[in-house]
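Thanks for coming, everyone. Let me put the model on the screen, and then we'll walk through a few places in it.

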Amino acid sequence: MTSTIPETSRIAALAALDLLDTQPEPRFDRFTRLAALTFGVPIALISLVDEKRLWFKSRCGLDVEQTDRSIAFCSHTVAQREMLVVEDTAADPRFADNPLVKGEPHIRFYAGQPVYCDGQAVGTLCIVDRNPRRLDDRQRRALRDLAGLVEVELNQARVTTTRVMAEQALKSLNAELEQRVARRTAELEARLVELSAEAAQRKAAEMLLRDAESWNRTIVATSYSAFVGADAMGRIIEWNPAAERIFGWSRVDAVGRPLSDLIVPEELRAAHTAGMRRFMATGASRIVDRQVELPALTASGRRITVEMKAGAYEWQGQRCIGAFIDDVSERNRTRQQLEEKQELLDAVLESIDVAVVACDAEGSLTLFNKKARMLHGLDRECVESPDWSRHYSLYEADGHTPLPTDEVPLVRVLRGEVVREQAIAVAPAGRPAATLLASGRPLRSTSGRALGAVVAMHDITERNAAREQLEASERRLRAVTENLPALIGKVNAAGKFVFLNGRAVQFYGKRAEDLIGHDVRDAYSELEYAKLEPHLRRVHAGQRSTFEDVIAVNGRQLYYQCVFVPQRAPDGTPDGYYAMAFDMTDRRLSELRQAESEERLRTITDNVPVLIAYLDADRRYAFVNAVHASWLGVRPERVIGLTVDQAFGPDYHAAQSKALAQAWQGNAAQCEHEIARKGQTRIVHSTFLPQMRDGRVAGVYVLTTDATASRMHERSLHALAHTDALTQLPNRRRFEQALAGAAKRARQGDRDCALLYLDVDFFKQINDRYGHATGDDVLVEFARRLRAGVRASDLVARLAGDEFTVLLHDVRSEADVERVARKILDAVAEPFELATHVLKVGTTIGVGMASGGALDPRALMETADRALYAAKKAGRHTYAILHTGEYA
């Protein structure tokens with residue numbers, strides 16, 4: 001393995017980071033976790049390639065801290081100083097026999113991107129999979145971007161330290177220079193006679209100054225922050241490598257150019273220039289010696305936010321400004337994201353129907369959400385924990401006994417307890433009391449340090465009230481059973497009555513004491529019990545049984561619906577049953593009458609030429625008439641219970657979906673659509689009428705009539721009104737509509753268009769010499785050739801006589817129009833072979849072009865007309881092109 005960079009320089013750069021053998025740090029671990037999640041791999045590493053080992057600063061999915069460099073994949077990546085991707089290590093001769101491939105961690109895929117320090121590749125960000133895989137271009141860019149962030153983090157501490165040391169060195173050096181100059185001045189005044197010594201000392205001082213300037217330049221050049229210097233005219237005189245990295249301009253491109261042209265946004269340039277002039281004239285500035293955040297521009301035009309600290313200095317007798325600049329766009333975005341997450345958390349806490357309170361480790365309340373404020377009638381206040389119970393009106397679950405301080409849930413959690421569903425009451429003066437279940441746990445950092453406590457309190461006041469209401473409801477139910485128009489009874493597992501309401505006792509015609517505790521069989525005759533026996537077997541087996549029975553009472557047949565509902569023991573086994581019988585005589589007779597009415601209605605609906613249907617609340621067909629079979633080819637009985645989509649297909653449903661949606665919202669709606677079957681297409685008109693019940697849509701009636709004849713007639717009239725009868729081309733009316741549409745699209749930003757005016761050269765002479773019939777034949781053939789010479793998307797129209805137009809859409813340039821014009825001229829130049837004559841015919845074309853996103857139809861027509869006259873003036877059978885607003 002070879003490298004173009006001396007290994008000693010690389011090892012020195014690695015040592016300068018001072019990261020080898022340091023403890024794991026979250027700021028690096030987040031990158032390996034993010035890489036593993038982003039690329040879906042089990043292992044992600046930040047590696048540093050030492051002289052004889054590969055040491056991992058951060059690792060995700062790998063337990064070992066280091067490995068031998070001789071077998072390390074990352075050593076290859078560092079050596080070639082660019083991304084290394086091995087899609088299948090077993091197929092790569094360099095790595096097939098590698099111990100890391102054959103043994104743990106069984107590497108089958110590797111991708112690594114070098115990270116740099118001082119221009120040296122000191123390590124990598126790499127991802128590893130135990131299965132072969134591919135890495136596309138988008139994923140490679142993502143890996144480079146993540147490696148760039150890792151590189152910034154690796155160099156951050158060193159750069160910060162270097163900058164601080166540089167600033168301190170500059171201050172120390174300036175102070176030292178001032179002292180030396182003062183001392184040297186005193187010596188010169190005292191030793192005027194020693195001119196030779198003075199010259200030697202001055203020369204030494206100048207050399208020292210030059211060394212200091214070289215040192216300053218070295219500090220500036222190696223600073224992680226951008227350093228930008230500007231002279232009195234605002235021209236750049238200093239531009240370090242960090243400035244090249246942040247702003248994208250090289251030093252060669254930047255030095256000598258005005259600072260405002262390179263990095264100052266356009267809207268701030270005037271203020272920047274004025275501020276520079278004021279500072280150079282008076283020394284006053286609002287940004288010098290202050291740290292400020294400002295917007296700036298990069299070479300690509302991207303807008304970023306920078307943090308700048310500017311200072312003034314003298315150079316070669318001129319007042320100059322120098323500034324250290326850092327790109328803080330990412331930091332600001334991260335801060336904004338944290339603020340947005342906090343706002344989301346606050347919004348959730350304020351919206352949930354659970355009271356949440358929290359305190360810090362010292363017992364100061366830090367959270368009191370909306371539900372908590374509503375329950376207590378108070379906001380979060382600075383109250384010591386011993387006073388919480390009294391101040392916030394906390395009581396035992398009985399609502400009367402004050403809650404001791406040691407039993408306050410938040411106090412218990414703060415002591416380290418985990419509280420689960422502790423029942424307490426909140427009873428503020430003048431407000432209704434509330435019963436709560438409190439649960440909470442201590443809050444601790446990842447290192448185990450106590451951060452505070454949090455408690456959530458569920459309001460169960462309504463639940464308790466509901467339980468009390470249920471008990472009262474059960475009492476009412478016992479009373480109601482005696483007044484229900486039904487026979488109600490309870491039978492135990494032994495088949496004996498344990499309860500009968502008054503109606504049931506009356507039905508059996510015996511005393512209650514002769515029924516309760518006795519076998520059910522004893523209450524019936526053998527014939528009646530035989531009818532019930534199958535249902536009794538089912539309910540004793542644990543199955544619900546519902547049936548109807550007809551009983552003769554006083555010479556009148558009564559219809560009853562009987563329901564046997566099994567009761568189950570706690571272990572799930574059948575344990576008797578409930579028996580209920582409802583008198584359905586009136587309903588049954590009504591159903592018989594309704595069935596007769598429905599039969600009459602179906603006879604009518606099946607014999608009218610209209611599709612009639614009804615959709616129930618589940619949007620399924622509950623009724624369709626017989627016409628559906630002849631129009632749609634589906635018998636009514638096959639449609640019942642299906643949705644429109646299921647019955648007739650998605651295309652049939654889609655044509656009516658909008659109108660149907662309006663009907664389901666309670667509004668009558670109509671639509672027209674087509675029904676195609678066996679080569680025949682019907683144009684139908686459908687009306688949707690919602691059936692309202694208690695303010696809700698219970699169903700929708702659908703009435704569909706055949707509108708084919710009327711619509712075909714309307715279409716025929718429309719075609720006659722917009723088509724030239726002789727050439728079958730669009731006429732003037734259709735042309736004007738198309739031109740208006742093109743104008744509208746032009747305003748919406750579509751491509752430009754062009755309008756061609758054409759007429760047949762010397763057409764009057766053709767009519768006069770050969771007759772109008774031949775002239776008509778010429779016009780028809782001329783129209784055919786025009787259509788063949790343009791695209792299907794372009795419009796060819798006849799205005800009148802021998803006047804024709806062509807409207808070209810999506811015109812990219814004038815060259816496109818010229819090609820179409822020449823194509824038409826060539827097509828028309830071919831002899832016209834008519835029924836009785838072969839004629840030589842020519843045409844002259846005037847082209848009007850509109851561009852720039854705005855199109856005035858009248859102006860375009862006038863432009864094309866002027867171009868036509870210009871072409872005629874230049875000679876027949878040619879073309880001329882003018883742009884709107886242009887004259888020949």
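Start with Leu344: is this residue buried or exposed, and why? One caution before the answer: this is a predicted model. Now the answer. Leu344 is exposed, because its relative accessible area is 56%, and exposed means over 50%. Leu344 sits in helix 11, which covers residues 329-351. Together with Val348 and Ile352, Leu344 makes a nonpolar patch on the surface. The accessible area of Leu344, Val348 and Ile352 together is about 240 Å².

Next, helix 26. Helix 26 runs over residues 772-788, so count 17 residues. From first C-alpha to last, helix 26 reaches 24 Å. That is close to the 24 Å expected at 1.5 Å a residue. Which residues of helix 26 are buried? Here they are: Thr774, Gly775, Val778, Leu779, Glu781, Phe782, Ala783, Arg785 and Leu786. Notice that Glu781 and Arg785 are on that list.

Now the sheet. How many strands form this open sheet, and in what order? There are 5, in the order 29-30-28-33-34. The pairing is mixed. Strand 29 (795-800) and strand 34 (879-883) are the edges, each pairing on one side only. On average, neighbouring strands here are turned by 20° against each other, direction ignored.

Let's zoom in on one pair. Strand 28, residues 752-760, and strand 33, residues 843-850, run antiparallel. They are joined by 8 bridges. Within strand 33, which residue does Asp759 stand opposite? Thr844.

That's the tour. Questions, please.

Conventions: Residues are numbered from 1 along each chain as its sequence is written. This is a predicted model: local features need pLDDT of at least 70, side-chain atom pairs count only at pLDDT 80 or more; totals for chains, interfaces and linings use all residues. Side-chain values use heavy atoms; hydrogens and water are left out. Patches are made of residues with over 30% relative accessible area and no salt bridge: like charges are joined within 9 Å, nonpolar side chains (Val, Leu, Ile, Met, Phe, Trp, Tyr) within 5 Å. Accessible areas come from the Shrake-Rupley method with a 1.4 Å probe; for residues, only the protein chains shown count as cover. A salt bridge is a side-chain nitrogen of Lys or Arg within 4 Å of a carboxyl oxygen of Asp or Glu. Helices (H or I, at least four residues) and strands (E, at least two) are DSSP runs, numbered from the N terminus. Buried means under 20% relative accessible area, exposed over 50%, partly exposed in between (1.4 Å probe, protein chains only). The expected span of a helix is 1.5 Å times one less than its number of residues. Two strands pair if DSSP finds at least two bridges between them. Axes are lines fitted to C-alpha atoms, for helices over the stretch in contact, and angles run from 0 to 180 degrees between N-to-C directions.
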